[in-house]
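Subject: Handover of a structure and the findings from it

Dear colleague,

Please find below the structure that I am handing over to you. My notes on it follow directly after.

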Amino acid sequence: MFEGFTSGRILMAHGDGGRFTYDLIKRVFLPAFRSRHLKCLADGARLPNPGGDLVFSTDSFVVSPPFFPGGDIGKLSIAGTINDVAVMGAEPVFVSASFVLEEGFEVDDLERIVASMAETASTAGVEIVTGDTKVVEKGKGDKIFICTTGIGFLPSRGEGESYAKKHDAGNSGKVDGAINGRVPLGYEFVRPGDVIMINGYIGDHGIAVLSARHGLEFETSVASDCMPLVHLVKAALAAAGGVFSGEVRFMRDPTRGGLATVLKELTMANGRIDVVVEEQNIPVRREVRAAADMLGLDPMYLPNEGKVVMVVSPEASEAVLQALRRTPGGENAAVIGEVRAGSGGAYLKTPYGGTKILDLLAQAELPRIC
Amino acid sequence: MANRESVLDGFRDPGTARALTQEIRKMVFQGLGRPLQVMEVCGTHTMSIARYGLREALRGAVRFVSGPGCPVCVTDDAALGDLIRLARTPGVVLATFGDMMRVPWNGTSLLEEKAAGAKVVVVYSPRQALELAARAAEERTARRPAQKRPGAGGSKSGAACELSLEWLDPRPVVVFAAVGFETTAPAVALAVKEARAKSIRNFLVYSAHKRVSPALRALLEDPEVSVDGFLCPGHVSAITGSKEFEFIATDYGKPAAVAGFEPVDILRGVWLIADMLARGRPGLVNAYERAVSADGNIVAKRVIGEVFRPCDSAWRGLGLIPESGLEIREEFRDLDARVGLGGAIGMDGFHGFMPLGSPGVAGRGELDERTMDAFSDEVSAGLSVSRAPEGTAYASLLSPRQQDRYTVKSGTRPPGGAKGAREGPTGESGGASRACKCGEILKGKALPPDCALFGRACVPWRPVGPCMVSSEGACAAYFKYESQGEIGGNGRV
């Protein structure tokens, strides 16, 4: 309980920027986040800049309910933004956190969420350096919304190195002659013959959140896979000879829209490849498949919060796969398909002799899932 | 439970599926000599076939034709209009299954109405809607003493937050949109009974329920429907019993199989149809023995009969089909949204009709004996059916013999002949463009790519007809899963 209010709940006054806000920050946010940048309570954090390119990402989190098996909105808000930075090949270092709280939200719940954020950040080696808090009237929000941004730094290689000449295998259309110091990671580097892999089971997060939704409440042991991917990405890149080797062509975390959406977006962006995956090779837990069947959902489109899809050169694929399997979070890593020459199609081969087209979702199958 | 899981695995076993596929191909090519046309009636079958890629696996040997088994797809404009108007009514919360949210009607949909402020909530069961009503009633009673009068003390105090209209709302009436076939009807009936037992007065049901077999019968009367055999709905059969569909073989000489939804289930059903055809012995086979019996779920059927009575009902694309709907009985009229709120929203007061000309009073008629069989003995004695009023035209696909039989005053045919039945009652187009081929597709006379709008003006994110909207709709399934062009020119196998 805090001085000055007895209900243990967030009041409109906590968003006024006055004494109550100051109190809330000092008693809830600062002790949990423990960053020297935060302590001075300046308007912004002044951060050291090692030079080179930045990766800058932002995300808002409106997941309902805020607590679900395997995680909570806090853990999600940190891991989600960190992961977006990590799959770009950068090391995430700094994160900001903005809160929009609904009047009446329990401070105990806020403390749990904030502690979860601190723990996730610490696991990933990331500092929460700045933030904001607003409060809206009861009924005008939904308990808690969090917006985080993350900054990471890309290593720089030096001038004048020509990656295109060294690594080009006929897919040079979008690659300039010399990429000065640029990390060769992106959809344009994916080429026919490349191997597609994922670090584990898909659909866990979607089902875990749904199982906690009021009105659904089915029993399941499925927990969200929410976790920072920093160590997995590091291990994979190291096994491939470093990010500048170009052996890892592309990485993305399949959140909203799921694995199918990532695959389709990849081929659409590249335009000169097709992606073919085999249903039998895609890891899906029995319970997830059963729950998805019951609800009429497709695991290929369910969101994941601890998964990364990687496209790797055939030469490096075995080493990367083994490295993933040795890293926590990657024990069930599997090769799921391959890249072929094509025109932007994504296909799933069923074990029954059929091939399905994977397309973008026409409508949100699951609102408020992350 | 390890045992149950391994049973399901068996029904998903790729090896078994492959063997069945090969057997079917052999039978078709050696026997029939042309592709087998199988109507799969149930929306869930449509989705399963697409999901497992069975259409492609059987390409050249079997052509699947989609039947009227998607309840959302066959809900007609009049019912949709009622639901939209209900959603717009102040004080009403419309509870509906998710599939109904995006069905287009006159340039809007329940989803759009919700965004514009109508109170629409998606539920997974009628019980959820009932619980919502019960909770709303409790909360309002609990809140009342504590309510402060807004505005007391003057507004100068800077606490200028908006008045929440919810403080002023009357107790909301929750209306459950009961769309579905016999599978869903028992749960709705139970909810109605529970509401009565617990005196929950702010819960109403708008019944747009339909029965599958009358629609199949009407289809089979249409000479243009050239289907070799029928894959009958598994979940509906679990309630009605497999003998509900025996008429397909006994009255029309076509083989039929009740099948489940796993790949091996479906392939087995198709195999059985091909086999019956090859031997010239059409019959009804129950190939979903683990869930379906000949008589079905007697308890469920009794519960349906306690709350509902059969009525004539209008199906999108097919017209008015006799005894094909379920309306709420008089005993439960206080829970019937058509009765309670019909006046408020301008409903015509009929139960499931598209009346033409000046509406008369709906008559009562004798029940067809097959419909009697569908309801359990305790309730079918003395059961009568609501008939369309004098002059109402039945579905154009009914034969003249059937039309004569079912019209209340015999000898009256609507001007313009049978075609008159296709037009809507008040001239509302309901948003369905003339080019929309949902009706033909439901009858199995066309495939989605045959429709000029498919993939162009009509796409899942901007649907024209319901077949594209529902996740079980033939067009949505086709669009989502099929390889466009791989099936070979115009979608023909």
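Is A:Ser221 buried or exposed? With a relative accessibility of 59%, A:Ser221 counts as exposed, where buried stands for under 20% relative accessible area, exposed for over 50% and partly exposed for values in between (1.4 Å probe, protein chains only). A:Ser221 sits in the loop that runs between helix H6 (204-211) and helix H7 (230-239) of chain A. Helices (H or I, at least four residues) and strands (E, at least two) are DSSP runs, numbered from the N terminus. The C-alpha atoms of A:Ser221 and A:Ala208 are 8.3 Å apart in space, with 13 residues of separation in sequence.

The conventions are as follows. This is a predicted model, in which local features need pLDDT of at least 70 and side-chain atom pairs count only at pLDDT 80 or more, while totals for chains, interfaces and linings use all residues. Residues are numbered from 1 along each chain as its sequence is written, chains are lettered from A and ligands numbered from 1 in the order in which they are written, and side-chain values use heavy atoms, with hydrogens and water left out.

The two chains in outline

Chain A contains 10 helices and 13 strands, and 54% of its 370 residues are buried. Taking contacts (heavy atoms within 4.5 Å) with a separation of 6 or more in chain A, 81% are between residues 24 or more positions apart.

Chain B has 22 helices and 13 strands. Of its 493 residues, 56% are buried. In chain B, residues 24 or more positions apart supply 77% of the contacts with a separation of 6 or more.

Backbone features in the loops

A:Ser64 and A:Pro65 are joined by a cis peptide bond, with omega at about 0°. A:Pro65 belongs to the loop between strand S1 (54-61) and strand S2 (67-68) of chain A.

A:Arg34, a residue other than glycine, has phi near 45°. A:Arg34 is placed in the loop between helix H1 (19-33) and helix H2 (36-39) of chain A, and it is exposed at 70% relative accessibility. B:Asn106, also a residue other than glycine, has a positive phi near 50°. The loop that holds B:Asn106 runs between strand S3 (92-96) and helix H7 (110-115) of chain B, and B:Asn106 is partly exposed, at a relative accessible area of 37%.

Two packed helices are described by the angle between their axes and the distance between the axes. Axes are lines fitted to C-alpha atoms, for helices over the stretch in contact, with angles from 0 to 180 degrees between N-to-C directions.

Helix H2 (residues 14-32) and helix H13 (residues 263-279) of chain B have axes 9 Å apart, at an angle of about 20°. H2(B) is therefore roughly parallel to H13(B), given that angles under 35 degrees count as roughly parallel, over 145 as roughly antiparallel, 65 to 115 as roughly perpendicular and the rest as oblique. Among the residues in this contact are B:Leu20, B:Ile24 and B:Met27 of H2(B), and B:Leu267, B:Trp271 and B:Ala274 of H13(B).

The axes of H9(B) and H14(B) come within 8 Å and cross at roughly 55°, so these two helices are oblique to each other. Their contact involves residues including B:Ala189 and B:Leu190 of H9(B), and B:Val303 and B:Ile304 of H14(B).

In helix H14 (residues 298-307) of chain B, the buried residues include B:Ala300, B:Val303 and B:Ile304. The N-terminal end of H14(B) is capped by B:Asn297, which has a side-chain oxygen 3.3 Å from the backbone nitrogen of B:Val299.

Helix H9 (residues 185-197) of chain B holds B:Glu194, which is buried at a relative accessible area of 19%. The side chains of B:Glu194 and B:Arg127 form a polar contact of 3.0 Å; the term covers a pair of N or O atoms within 3.5 Å where, within protein, one must be able to donate a hydrogen and the other to accept it, and residues adjacent in sequence count only if both atoms are side-chain atoms. Apart from neighbours within four places in sequence, B:Glu194 is in contact with B:Arg127 and B:Leu130.

With kind regards
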